[in-house]
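Here's a quick briefing to read with the structure open beside you. Take it one topic at a time and try to find each piece as you go.

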Amino acid sequence: MNNKTITKINSYLSFNLGDEEFAVNVSKVLNILEMLKITEVPKSPEYMKGVINLRGIVLPVIDTRIKFGMTPTEYTNNTCIVVMEIEMDNDIVQVGTLVDSVQAVLELQDSQIQPPPDIGNKFKSEFIYGMIKVDEKFIMLLDMEKVFSADEIISVKEKTEKGEVKIEEKEQVIKKKKVKKSKSKDNS
Amino acid sequence: MDKFRNKFIEEATDNINDLEDALLLIENDPEDKELIERIFRAMHSLKGGGAMFGFNTLSEFTHHLETLYDLVREGKYKITRKLLDVTLASVDHMKALLANDDLDAADLRTIHTELSLQIRKLIDNDNEEKQKVVIEKPQNDQSEVKSYYIYFEPDSDIFSDGTNPLFLLDELYTLGECKVFAHFNKIPEIEKIDITKCYTYWEIILVTSEDVNAVTDVFIFVEDQCKLEINEIADYDIIQNIEVINQISKIAEEKTDVGVSEIQKIIKDFSSSKKQSVSLDEMIKMKGPLPSVKENVISSIRVSSEKLDQLMNLVSEMVTTQARLSLYAEQSTDGELLTIAEDVQKLSRQLRDNAFDIVLVPVETMLTRFQRLVRDLSKELNKNIVFVAEGAETELDKTIIESLTDPLLHILRNCIDHGIESPEIRSQLGKPTQGKILLKAFYSGTNVHIQIHDDGAGIDPEKIKNIAIQKGIIKKDATLSKKEILDLVFLPGFSTAENVTGVSGRGVGMDVVKRKLSEIRGVVELESEINEGTTLTIKLPLTLSIIDGLLVKIANSFYIIPLSVVGKIYATDHENVVNKYNNLIILDGEQFPFYYLREEFDLPEGEQESEQVIVVSYEDNKIGIVVDEVVGEYQAVLKSLGKMYKNQEIISGATILGDGTVALVMDTNKIISKFSQDMFNS
């Protein structure tokens with residue numbers, strides 16, 4: 001939040017999830033950790049992998065692949081936990097995200113960032129705020145706040161034949177949110 | 001400047017609270033001089049501070065109140081209910097002024113004018129009476145001159161906030177004739193003198209017609225920064241007596257301090273030749289009450305709660321690190337290391353206990369608000385209710401106290417509105433017309449219990465049952481024990497009030513109370529007898545940040561079960577707990593329902609031959625929970641799982657073990673209630 005008002009940082013950390021490459025602004029990234037022992041929390045959603053001890057802080061870890069509707073992360077030597085700081089319901093929250101491998105830090109000018117693709121294309125645009133092309137490969141810039149504010153598993157990749165189903169899912173998510181909001185109003 | 005303003009607001013809030021407190025106390029004991037003094041002092045500080053920091057409206061407003069209470073103090077005005085009503089309303093207004101001194105809001109301005117008018121009316125009323133008194137006064141004045149001995153030693157750093165002690169002496173001169181003896185014996189050698197420090201102190205003999213309060217008021221702003229002693233030494237003018245003064249000056253020159261006893265001795269020697277003699281007994285009596293008020297030694301300091309939170313965090317970290325050290329030392333063969341580790345363990349335990357003690361706050365701090373609520377609300381509802389608190393010195397973690405106030409206010413509101421009947425009904429029932437609400441706080445093991453008891457109408461179980469059936473909460477033919485019926489009031493959307501009042505009965509009520517309390521790991525119990533009253537018992541942990549727990553293992557994960565719920569631990573054969581349809585186990589000839597946690601947590605069935613059954617208490621029942629292995633006792637520093645896990649109910653937090661792994665803290669109550677629901681639903 002403050003980053004925007006002070007100076008915009010133009011560095012992006014890129015990482016792999018499966019075959020796709022994604023990137024986030026480094027202002028959101030606090031740490032990159034090697035795999036640690038994750039303590040599973042029973043009875044929680046599948047994408048919530050558990051918690052780790054980060055220098056005395058209990059940090060939740062999310063399997064980003066499951067969150068994005070891919071198969072669960074398989075642990076390899078390259079698997080990393082990227083600790084990010086995101087804004088959630090007006091609070092700053094730290095969260096660890098599992099990625100298959102960390103690639104590089106890219107310096108990008110705003111002019112290099114292309115607008116997100118429209119719906120109907122190969123990728124769903126809600127969680128992507130831009131695309132960049134590096135060596136004939138597309139890297140998607142993720143909006144982590146939006147990714148984590150969705151309760152359900154989301155699908156970044158959207159195949160056209162499944163398009164309708166996914167949109168329904170999306171609507172359900174929105175509906176749920178509305179219910180939650182009205183509930184919280186009742187309480188207040 | 002803002003920094004100072006904030007400091008003032010903080011201090012003023014304290015003063016206002018103190019004022020409110022004293023006002024409520026004085027209602028029961030209108031003659032108490034000390035309380036009047038306290039009220040006056042609070043007002044005086046508010047006025048002075050307000051003017052200094054630009055809260056002019058507040059200052060001016062308080063000034064009028066002060067004038068009024070000056071009359072009370074002089075005994076010219078009696079404390080009446082009307083007076084207290086106006087003052088309490090003014091106190092509320094002062095709180096508002098503190099937040100908004102400019103009278104921006106229109107309603108604030110109306111209140112301000114209204115209250116100012118009422119205060120002026122009260123003062124004017126009084127002036128008529130005062131006239132009569134004033135007429136008599138002048139004659140008294142001459143004969144009623146008194147001599148005071150004042151010992152005034154400012155703290156050496158008094159200059160640092162711009163106070164000039166000489167101005168205070170000047171002010172004394174305005175009260176009457178003074179004889180000042182300055183002492184310079186504390187001034188160090190010239191090369192050691194720090195010019196920013198004050199080394200001089202004074203002994204003063206003051207002859208004045210004003211009373212001792214006027215003298216004390218001169219020093220009101222430096223009270224905490226000096227050693228001050230004010231004693232009445234004679235009820236006539238001793239400065240007139242040259243011999244006495246000469247003798248005192250002689251001693252003052254030779255000796256360092258003259259001291260009150262010395263002066264009194266001299267006076268006594270001379271007064272035996274004088275017409276009036278003051279016996280020693282009387283002098284002691286005169287001396288008696290004053291020093292106790294004035295000898296202010298700093299016994300406490302003000303620390304921001306942020307710093308305390310920080311301290312608590314550090315202590316928690318320290319306990320965690322110490323657990324690591326102990327673990328490492330045990331594994332090593334170095335005897336020296338082991339000794340050090342044990343010492344560190346001992347120290348950190350002491351440090352922890354001390355630090356936790358610091359953040360404990362007595363229940364008393366909440367009581368003023370409750371007193372006020374009971375007073376105002378009972379008046380509004382035309383009920384006669386007295387609020388009594390027992391065990392107010394019981395201490396609780398400050399975060400618990402903070403989150404406890406609102407639920408308790410709600411409970412009290414219920415007691416006043418629904419519990420206690422109107423005086424007419426009470427007398428019909430043969431009860432004393434005055435209802436009583438008793439708040440009792442006491443320790444019970446590592447818990448604190450807070451009980452709120454009213455001697456009102458009580459809750460009719462039949463009525464509750466009917467409402468519950470009407471609202472479809474329970475089935476018509478359901479058989480419930482009385483306790484189960486009473487517990488229905490804690491369900492959302494349940495209100496027994498037949499007509500909704502502004503006070504309670506909106507259906508959000510007891511369920512919110514219960515939820516709020518469970519957030520601080522509190523448990524509520526309700527007991528009630530028709531026409532005898534209702535008792536609500538809240539059981540609370542002493543502190544939130546550390547718990548004694550039982551460390552257990554399920555699959556590869558460690559869990560902590562709060563020791564407070566653990567009854568017994570049994571070992572049993574594996575086949576006793578799996579593939580049972582009734583989920584009952586017989587241990588020691590007793591039958592327990594149980595939950596096999598591996599199964600409930602969707603983990604594969606364990607392979608070991610014996611299982612551990614931990615019998616925990618759940619409400620009034622004992623229920624077994626089955627784990628793989630019991631590791632031992634563990635002091636768990638609680639950490640939150642964070643916002644991402646906000647929907648996770650059965651785990652109340654996490655803690656970090658000596659080797660750095662994370663153990664999850666189970667909320668057994670939630671686990672049992674959740675799994676028993678699941679079972680019914682499936």
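**A sheet in chain B**

Chain B has an open sheet of 5 strands, in the order E14-E17-E18-E16-E15, and the pairing is mixed. Keep in mind that this is a predicted model.

- At the edges you'll find strand E14 (566-573) and strand E15 (584-587) of chain B, each pairing on one side only.
- Going from one strand to the next, the twist averages 40°.
- Strands E17 (residues 610-618) and E18 (residues 621-627) of chain B run antiparallel and are joined by 7 bridges.
- Look for Ser617(B), which sits opposite Lys622(B) in E18(B).

**Two helices in chain B**

- Helix H2 (residues 33-52) and helix H3 (residues 56-73) of chain B have axes that come within 8 Å and cross at roughly 155°.
- Angles over 145 degrees count as roughly antiparallel, so that's what we call H2(B) and H3(B).
- The crossing of H2(B) and H3(B) is left-handed.
- Residues of H2(B) including Ile36(B), Phe40(B) and Met43(B) meet a set in H3(B) that includes Leu58(B), Leu65(B) and Tyr69(B).
- Sorted by class, the contact of H2(B) with H3(B) has 10 nonpolar, 6 polar and 3 charged residues.

**Where chain A meets chain B**

- Here 18 residues of chain A are in contact with 19 residues of chain B.
- On the chain A side, strands E4 (48-54), E5 (57-63) and E7 (91-99) are the elements that each give two or more residues.
- E4(A) provides the largest share of that side, with 4 residues.
- The chain A side splits into 10 nonpolar, 4 polar and 4 charged residues.

Methods:
Residues numbered from 1 in each chain as written. Chains lettered and ligands numbered in written order. Predicted model: local features only at pLDDT ≥ 70, side-chain atom pairs only at ≥ 80, totals over all residues. Axes fitted to C-alpha atoms, helices over the stretch in contact; angles between N-to-C directions. Parallel < 35°, antiparallel > 145°, perpendicular 65-115°, else oblique. Left-handed = near helix turned anticlockwise from the far one by under 90°. Contact = placed C-beta atoms within 7 Å. Nonpolar A, V, L, I, M, F, W, Y, C, P; charged D, E, K, R; others polar. Pairing = 2+ DSSP bridges.
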